[in-house]
Every structure is written in C-alpha cells, then in structure tokens.
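User: Hi! Could you walk me through the ring packing in this one?
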Amino acid sequence: MNRLQAERKPLLIPINEETKHEEENRQTKVELPLQKILKITVDNCLPVVSSHQGLFPDLTQKSVDELPPPPKIDKYKLARFLTEKAIREKRIFTISGPYPVIRNSLRKRGWVERKYPLKYEPQEHKEDGNETECDNGGKNESKPAPREEEIRHHNSGDIHDIMSRLVRNEETSFYWTIKKDAVDYYSLHSDQMLNHYARTGSFTTKIGLCLHMRNLPWHVSANPNAFFPRCYAICVDDEKYDFIQDFRKTAASSILKWVANLDRSGDRDQPSTGSLHKKDETTDPNETDIKELPGKLIEMALKVCETYLQQLEHADIDIEADNSSVLSDTEWDQLIEQYYSLVHEGAVICNAENYFIQCHKILHKIMLAHPQHGIDGLHNIWIIKPGAKSRGREIVCKNRLQDILKLVEPSDQFPIKDHKWVVQKYIESPLLIYDTKFDIRQWFLVTDWNPLTVWFYKESYLRFSTQRFSLDDLHSSIHLCNNSIQKNYKNAADRSPQLPYHNMWTSSKFQEYLKKRGLGHIWNNTIYPSMKKNIICTMKVVQDQVEPRRSSFELYGADFILGDDFKPWLIEINSSPTMFPSTPITSDLCTQVQEDTIKVIIDRKHDKICDIGKYELLWRQPMLDIPPFNPTDLLVEGISVRRLKKHMSTLSNFNFLEPLMCLPQSTTNQENKRESMTPVNDKQQNVRSKHRISSSCTLPKTLKKPQDKDVKVKTVPKKLVKPIDFPRLVDGHEASPFTDKKKSAGMKEPSHQHGSQGATCSPKMHSLDWALLQPSTETALT
C-alpha cells in the first residue's frame, strides 16, 4: 500500500513542465496573487488526474489542447481585487489631456485611473509664467483622441472603466496634465506626483527667457550671446531704447559688410548684394535709375562701429559719452534711410572701394569681440514674438524699424497689460538642407530642482519648412519651422524631392545625411554636446526662480536652430511639449519618449539600475552637506538685568506743577534774600544745608540704580546760596488756589517762617517728597 501511494504521488497533476510554465506566465500577466482565485483558476483550467495508469486504464493524461476552455472569471471580482491592491500601494493616477501612451504605461504597471470632470478645458488654460506648447496638435486635433477613447470605454464596459468607478472617491497619487492649473497645485500632499513645477515662466515664456538669460554670467562662466540670440522686451521703455540702438548699430555694421563684400565671389551674402551686379548687366549704362549714395554714409557707419567696438572691448569706461551722442537724431534717420536704399533697393555708394581696407579691419575686430556678428547678415531682420504664446501664433519677421515699432504699439485690441512683445535677432545665416530651413526639437526632463537633476533624451527630430529659404521674402512659411504653421501650407513645387513629404527627420536620419557628406563627426563633437551645454546653463540660471517641489517633475521641449557653422542656437523652451502623432516621426518618437519618461519617474523610484530607455543623466547637482540640527545645542547667552528694588510711598494729593515753578535764581538775588531771612536754629539749619547740597535747582531726572556700587557725593565748600524750600503738602482742594497764588505773587516765597511750622513740615517732607527725590534707598549720601 505504501508503494502504491508512493507511485501515485507524482501523478496527481500529470502535466508537462512546458504547460506549467505557460500557466505561471499567464497567472503573472493577470496578476492574481489571491490564493482562492488562483486555486479556482488552476482547478478549472488544469483539471487534476487522480487515477493511476495501471488502476484506471481508461483515464489517460490528456494534452492541454484537448482540455476544455477555462470558464470566464468574474470581471467585477477581478476589478475589485485589482482596485484594492492599487489602493493599498497608492497607485491611482489622473490624466488631463490626450496622453493615451501615459495611460497605457501606467495601467501595465498596475495603476488605476481616477476620472473626474475638470473645471476648464485643458487647451483653454491661461497661466502667467507657463505656456503650453502644442505645435503639432492644436485644439481641433487634440480633442478627438480622448473623446473617442472615453466613448469606447463607456460603451464596452471595459474592466478599466469599472476600476475607475471604484476609485472615484480615492485620492490620486499621480497627476499628468497639460497645465499645472488643472489641479490645485498648492493643496497637493508631499507624496502626490505632478508633471509640472510652479513658477517656470522664467524660461518657458519668451519674455521670461529673454530677461533671465542676461543673468547667466552671475551663475555660470559663460556668455549668453554665444548661444542665445540677443533679445529685448520691447514693451518696456528701457528695453525699447536699447533695441533701437541695437538696430542702428546693426545697420551701420551691415553697411560696412556691404563694402567688404564688393570684391568677394561666391559669398553667401552675395545674392543679397548681387542685385547691384545684375542691374549693371541688364540696365543700359545711360540710364540713371540706380540711386547713388555719398561716401559720407560709410564714414558715419565707421564712426558708429568704432564707438561700438570700444563698448565691446570696454574701452569706453572713462568716456562719459552716450551712445546717442555719436550721431544726432537727424543723422541717424539719414543713415537708416540710406541703409534701406543700399540693401533693399539696390543703391550704390560712390568710391566705396576706397574704404574697403578700413571696413575690413573694423569688421574683423567686431567679429572677435561680438559672438553674434555672424548671424546678423546684411538685411537686419528681427523676429517679433508675443511674450507668452505658443504654436507660432502672431510671430512675424520685420526688417524695418518703423514697422517693428508700429507693430508693438498698444492698441484697443492689445492693451498695455496684455501687450508683452519680445524682439529677437533673426539668424540670417542658418544651416540649410537642400536649400530649406529647419529647426531641432530636443526633449529633456527635470526631476528635481534642489539639487538640480536634468535628464537629456538621446533622440530628437528635425522640422522643415515647406518653402525654400530666402531673405527677400519674410513670409512665415519660409522662416518658421513650427509644424502648427507649416501644416497650413503645401510643399513648394521647386523644393528638393529629397525632403520628406511630412517635413520631419529624426536625428538619426540627420546624422546619416552628415556622414554622406563627410561630416559625421559634427553631430557627436559639436551639435549634440553644445545642445547639452546650453540646456545646463539655462537651467542653472533659472534654478532660483522655480519652486522646487519634491514630488514634481516636468518634461520640456527645447528648440534649436543650427548656424551655417553647425553651431546650435537656443530659440525657446516649451513646457508640455506636444505628443500628438501628427507624422510618422512624431508617432514613434513621442510614444517612445513618454514610455521612457515613465521609466525614469516610476520604475527608477524603486530600482535605481532599471532600464531608463534613451534618457541619460545630463546634470545632477552635488548634494550640499547640511550641518546636523540638534535642538539641545541651542543656547542663549547674555547678562541678567536686575530690577530696581525700591519701595516708594504712595503719592496722593500732590501737585506736580509746583516743583516746575521752582526756577533757579541768580547768586546775587539769593544772597540778598538770605540776608533778609530770619535765622533758624542750628539743627534746622543743618538739615536744610544737607538738603541744599544733595539737590540742585533743576528738576530731578529719572532715577537709576548704579551697578553694584554706592554713590558717594563729596561736599565741596562753596559759597552759600539761598536754601530752597521744597513744596509743602496740601490737600486736593488747596492745591489749585496755592498755585494761583504763587503765580499772582510773582513766584516769591514768604520772607520768614515760624519755627514750629518748619518743624512740622520737615517730617512730611522726608516721608513723601524726599523719598521721591532720593536716587535710591540703597544709596548713602555723605
């Protein structure tokens, strides 16, 4: 019998190992750790064969394919079990906006979504300090995705929808929203995660980045003009004045460039100045339509550039001359008008060749001192942007000063409080691919501001314009590469067929383009490291401006434009970058960056060595050693102050006005009166003499107790003066008549007193008046 039992034990569950692993994997995928449910599932799906092959030959082991299908588990019980597990582990999230990738990534990790109606539409949020970047998907494109998904969940009775209803009264642990104001930011607990920080307008708005980048030398040993085109908040009077001076100096420098480029061939600026040569070839020499400008224009431009060079080299420190004093307003207006005729209208300058060497030397010195000299070009183009708007709205390019100033003037449509414009120097020499302009969208993630922790994404994508590049036409379809702008235009017929129809490349495709031209090292040696350095510098500048909430994080999108020397220039940084799959490029990359963001935020929180996708740690600020705080070490040091121990008798029915009437008298008058006074006995005279020596003719000051010392008053024999009688005490009803009597009598005392009267007044004086005039009861008068 024992042998039979031993033989039957291995055959209780006659399934092979492969089937067992498949069942374990299925159980792990469903995540049902509850023993009771697992037992029912195993019993139903894998029936136990309790017969022995020898005892019951009819019951043989069956393959898994021949087994009946397992019964359907009650999804409501399963939803309740998974919901209770998520509540215990605090895995409840809320999403506001079209983020299906984030939703699916969290659900795979056992999170349950809590849905609640929002107060505002996500795209309608307006917040000072933050702007929403939705350049690839505007309001019309971003709404249908969540609505379709919501309808699908409600109609199908999905288990996730059931779980969402079960957690509708629970607290959310993870928020992912388009805007920070979709939730009450300041009411969140310290452990509730949010994909936004507060007060990020210092770098996510155009006007904030414009003003704060000037403080870069105070934080990092770097020059902001080396990677950020100079920018002015033209809505401020001082900034407006600085912009006007910059426009004038750039125009003067462009005149010198025109002269220096006369004998050059094949220069990139030659087409802009080559209109002169074209007109010379096609125009009859007898015609005088070409406007000739005097050589004085070059002399004025040289004067302006020499002064500007002194400013760049800080050689004007001891000179008290203002920039406007270089030329008068009339001369400036004349220079600007002639500059327009020279560059935009094809005019010429007489004897310009005589100034070639001088112009070349000045330009070479300016180029060494001014890092943005290469992006200025000849046309003096500036790009005007609203201070806190996204998706390229109301952005225009202008090359005339009057047009720029007129555009930014406040109007009824744009009052002063909403009229926040910035004017930024346009990069007139960008890197072109097949004669087409492009920019680069680069993602980076900030998980902490104190200490500053920045993650840089290894993949990015390029955005092309639909038209070929030209400086003669300032239309937005040529110069703005934002997809929200370019999607409104069709690709030009004369554009290169090598460019994609959807106007996007991945950074990997761009690297292949560079390798084919023998420039494969440019990306790893110049472009990629420079973008990382620019992001680090910018984050260090604004670190003190952002509110460093511990459980928050935020994904940003930075826009770069490459110069013709492959140098990246930071244009702007956007919060809440668009994740809408508008093209095949964004469909793949945006999905990938969202999944990798969840890996860094969620997975790495529990496993520091987990897979973080294509993120790399760009910068982590060293932790500062904070001294330990021990409340027992607090100590207050000082000297104790002793209170004055003085017992004074209560004063009642005392007229304080009478001592004020005792004014000091001259010595002569006192001697004359002393002669007319009736002598008193010796005892009374000694008492009065002691009183006279210890008191003065002025009112007594506030009495202070000396510090542990006795005050000894030495008597010095002096010429006797008239003894002063202290006011006698009277009743309340006698005080007023007595005062009036003293005033009417010319403040004269009676010439004599009776001895008995003086004897009776002396004890009262010591008991009340004298106690008030004493410095201290502990002070001995000798």
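User: How many aromatic pairs does a search of the whole structure find?
Analyst: The search finds 27 aromatic pairs. Rings of Phe, Tyr and Trp (its six-membered ring) pair if their centres lie within 6.5 Å; planes under 30 degrees apart are stacked, over 60 edge-to-face and the rest tilted. This is a predicted model, where local features need pLDDT of at least 70, side-chain atom pairs count only at pLDDT 80 or more, and totals for chains, interfaces and linings use all residues. Residues are numbered from 1 along each chain as its sequence is written, and side-chain values use heavy atoms, leaving out hydrogens and water.
User: Thanks! What sort of pair do Tyr99 and Trp176 form?
Analyst: An edge-to-face one, 5.7 Å centre to centre with 70° between the planes.
User: Is Tyr99 buried or exposed?
Analyst: Tyr99 is buried, at 6% relative accessibility. Buried means under 20% relative accessible area, exposed over 50%, and partly exposed in between (1.4 Å probe, protein chains only). Trp176 is buried too, at 5%.
User: And which residues form one aromatic cluster?
Analyst: Tyr434, Phe438, Phe456, Phe464, Trp505, Phe510, Tyr513, Trp523 and Tyr528. Phe438 is buried at 1% relative accessibility, and Phe464 is buried with a relative accessible area of 1%.
User: Switching topic: what sits over the ring of Trp619?
Analyst: The charged end of Lys540, 3.9 Å from the ring centre. Arg400 lies over the face of Tyr340, at 4.4 Å from the ring centre. Such a charge counts if NZ of Lys or CZ of Arg is within 6 Å of the ring centre and within 35 degrees of the ring normal.
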